[in-house]
Amino acid sequence: MFWRRFLFGAAVLCALLALCGCSVEKMSTLPELAKPYLGMYECKELKIGGKDFSENFEKIVLELDYGGGFTLFYRDKTGGEGGYSGDYHADPEGEKITFSAKTGLRTSSYTFPMKNGKIVVDYNFHGKLLHAVFSAP
């Protein structure tokens, strides 16, 4: 009885795949489905123009969610809090990540490398190099 149900279910699945025109080549890869880069990242290093600014902050956290959204949250030593949010896209190989955020009517996008579970941000911030490293806690 079980085998009949199993075979019937497998036949229905094969028929649906054949009818929808899906092919195995066009299906997502395992890393695209599993998204191993998801989760929370803490800022472990923050420098602007070579000067260390990490001691000015109690917490800087970057969260990547499954739906393609990101949230950057910070709390400074005086208790001030803030954050940014937007969308992200990681390449299938997990070597680059692009963050996009709206500012008014304009959307800005920046791409940064991902290395060994870390996101390395190098950005020109008012003429000075902002260097930040985010990694899992």
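Biologist: Between which strands is the loop in which histidine 126 is found?
Modeller: This is a predicted model, in which local features need pLDDT of at least 70 and side-chain atom pairs count only at pLDDT 80 or more, whereas totals for chains, interfaces and linings use all residues. Residues are numbered from 1 along each chain as its sequence is written, and side-chain values use heavy atoms, with hydrogens and water left out. Strands are DSSP runs of E, at least two residues long and numbered from the N terminus. The loop of histidine 126 lies between S8 and strand S9 (128-135).

Biologist: Does histidine 126 count as buried or exposed?
Modeller: Although histidine 126 is not a glycine, its phi is positive, near 55 degrees. Buried means under 20% relative accessible area, exposed over 50%, and partly exposed in between, with a 1.4 Å probe and protein chains only. Because its relative accessibility is 72%, histidine 126 counts as exposed.

Biologist: What kind of pair do the rings of phenylalanine 57 and tyrosine 74 form?
Modeller: Rings of Phe, Tyr and Trp (its six-membered ring) pair if their centres lie within 6.5 Å, with planes under 30 degrees apart counted as stacked, over 60 as edge-to-face and the rest as tilted. The whole structure holds four aromatic pairs. For phenylalanine 57 and tyrosine 74, the centres are 6.1 Å apart and the planes at 90 degrees, so the pair is edge-to-face.

Biologist: How many residues apart in sequence are the parts that phenylalanine 57 and tyrosine 74 tie together?
Modeller: Phenylalanine 57 is partly exposed at 24% relative accessibility, and tyrosine 74 is also partly exposed, at 26%. Phenylalanine 57 lies in strand S3 and tyrosine 74 in strand S4, so the separation in sequence of the parts tied together is 17 residues.

Biologist: What kind of pair do the rings of phenylalanine 99 and phenylalanine 112 form?
Modeller: Phenylalanine 99 is buried, with a relative accessible area of 10%, and phenylalanine 112 counts as buried at 10% relative accessibility. Their ring centres are 6.3 Å apart and their planes at 45 degrees, so the pair is tilted.

Definitions and conventions: Helix = DSSP H or I, 4+ residues; strand = E, 2+ residues; numbered from the N terminus.
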